[in-house]
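The model is shown first, and the entries follow.

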Amino acid sequence: MIDVALLSVIRRWHFREEVPIREIARRTGLSRNTVRKYLVSDVVEPAYPARKSPNNLDDYEPTLTSWLFRESRRHRKQRRTVRQLHRDLVALGYTGSYDRVAAFARRWRQSQEDAKRVSGKHVYVPLQFAPGEAFQFDWSEDWVKLNGVSTKLQIAHFKLSYSRAFFLRAYLTQAHEMLFDAHYHAFQAFGGVPRRGIYDNMKTAVDKIGRGKQRQVNQRFQAMVGHYLFEPQFCNPASGWEKGQVEKAVLDARHRLWHEAPSFSSLAELNHWLAARCQSLWQETAHPEYRARSLAECQADEQSEMMPVPAAFDGFVEESKRVSSTCLITHEHTRYSVPASYANRPISLRVYPERLVIVAEAQVIAEHVRVFNREKSTPGRTIYDWRHYLSVVQRKPGALRNGAPFTSLPESFRLLQHKLLKRLGGDREMADILALVLLHDEQLVEQAIRHALELGEPSKAHVLNCLHRLQQPPRPTPLQPPAVLKLVNEPVANTARYDRLRSLRHEQ
């Protein structure tokens, strides 16, 4: 085989200087057939042909190829291993080694992967969206300091597909009520509701994945979609590129937001900071396609194409609970009190992101601030409302002395209790005073108790007296008649006139 330099000279002599092949052969010492071969083949860099050594597997390659294709179509747990395929080839008469079969299987699988990669796995079609057409949603996990403690949070990400405006809101879980609340705040920030929402197959939205685009959508999620009047669209399983804009937003947020995020005292403070930071980044960030315009300017154009935001969807998750004999229900490792009249009875618990609403007989009977407890190894907290136990202490006033719900009484109530429990019958008297909050304004009752404490010897009678005084209507102001109605000679209160009239009557 000749080298590249000599081949270059031969090609230049023949195609540029039109030197005959006979003369080229004389000058180079090569045969005319060799010169003609290189000129006809148009080879620029000569190389030895790929060498193929015969081996024992040559006669079995078609069979092994068909077996490998058949196994690739089976479920992963049902596929035969390469060693089993080698044993089957040996049964057919193959006398070669296992290593040669394994090397052939590796090359075949690599060729299949290369074919898939070229045809579609890493090749995408660019997408284009009209203003107000769609938004994309996704969850992510990030760590933020809340009250000085590093806390793992679930972040809801929204991104408008046309303007690329984004919105983030943090929660402690990815439950239904968090998902519904995040949609309302995102639509409020965007100033409208797009026509379509693009999601992955999250469990809070999809109960079952069917063939193709068939989905069994969760009933509560469907109710939320019907409330905001947009069409949900779900990606194919394990196809995150179908909502690539929000996937990229998740990565960008870690650099633009979380690396510079300060410590926060509460989750509400964090969400307020996130909303303000997103708005400022809209102003600072240029649109990836319309470089001369910011995200905020494109979002302003898109807002007119979106539907106005309706009232917030009542996105609670309802659970059935049974109240214990101690007037408590349990939710997520935390106990909450219920009015004593519903003890040992079933109730309905409506779970919101930040509160719990207890409903019975179509009436709201109690409401608590939701408490999140992630330490399952420690005893859960108990959230009491002492008003729920007032009907119990009417029958059992002695429970006031060590009753756990009454440790959270207001300061004036506790001072009065401390004084009353020292005297005989003080339990009953204190129970009657606490029952006043069921009939009167609690602030007035507390003010009456403070007035009674100022007297030095408080009692039920003193508290009632002070309460009645506070509830008396204000005295009317004296009338101020106009000047024309005033008397010139005003009457004088003189009882001596009546004495003179009496004396004249006796004389007669």
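At what angle do the axes of helix H4 and helix H5 cross, and within what distance do they come? I looked this up in a predicted model, in which local features need pLDDT of at least 70, side-chain atom pairs count only at pLDDT 80 or more, and totals for chains, interfaces and linings use all residues. Residues are numbered from 1 along each chain as its sequence is written, and side-chain values use heavy atoms, with hydrogens and water left out.

**Entry 1: H4 and H5**

I found that the axes of H4 (residues 61-72) and H5 (residues 82-91) cross at roughly 145° and come within 11 Å. Axes here are lines fitted to C-alpha atoms, for helices over the stretch in contact, with angles from 0 to 180 degrees between N-to-C directions. Helices (H or I, at least four residues) and strands (E, at least two) are DSSP runs, numbered from the N terminus.

From H4, the contact (heavy atoms within 4.5 Å) uses Leu64, Trp67, Leu68 and Arg70, and from H5 it uses Leu85, Asp88 and Leu89. I sorted these by class into five nonpolar, no polar and two charged residues. In this scheme Ala, Val, Leu, Ile, Met, Phe, Trp, Tyr, Cys and Pro are nonpolar, Asp, Glu, Lys and Arg are charged, and the others, Gly among them, are polar.

**Entry 2: pockets**

I searched on a 1 Å grid over the protein atoms alone: a pocket is an open set of points with protein on both sides within 12 Å along at least five of seven lines, a cavity is a set where a 1.4 Å probe fits but cannot get out, and lining residues have an atom within 4 Å of a point. Grid points are joined across faces, edges and corners, and a volume is the space filled by probe spheres set on the points.

The largest pocket has a volume of about 570 Å³. Of its 23 lining residues, Leu146, Thr151, Leu172, Leu267 and Phe372 lie nearest the centre. Strand E3 gives the largest share of this lining, three residues. I counted 11 nonpolar, six polar and six charged residues in the lining.

The second largest pocket has a volume of about 350 Å³. It is lined by 14 residues, and Leu68, Ser72, Arg73, Trp108 and Lys116 lie nearest its centre. H4 and helix H6 (98-121) each give two or more residues to this lining, and H6 supplies the largest share, five. The lining divides into four nonpolar, three polar and seven charged residues.

**Entry 3: cavity**

Helix H9 (244-256) contributes the largest share, four residues.

**Entry 4: two residues**

Is His176 buried or exposed? His176, in helix H7 (residues 176-190), counts as buried because its relative accessibility is 18%. Buried means under 20% relative accessible area, exposed over 50%, and partly exposed in between (1.4 Å probe, protein chains only). Beyond neighbours within four places in sequence, His176 is in contact with Thr204, Asn218, Arg220 and Val317.

I then turned to Cys327, in the loop between strand E8 (317-322) and strand E9 (328-331). Cys327 is buried, with a relative accessible area of 4%. Leaving aside neighbours within four places in sequence, its contacts are Tyr336, Ser337, Val338, Ala340, Ala343 and Tyr389.
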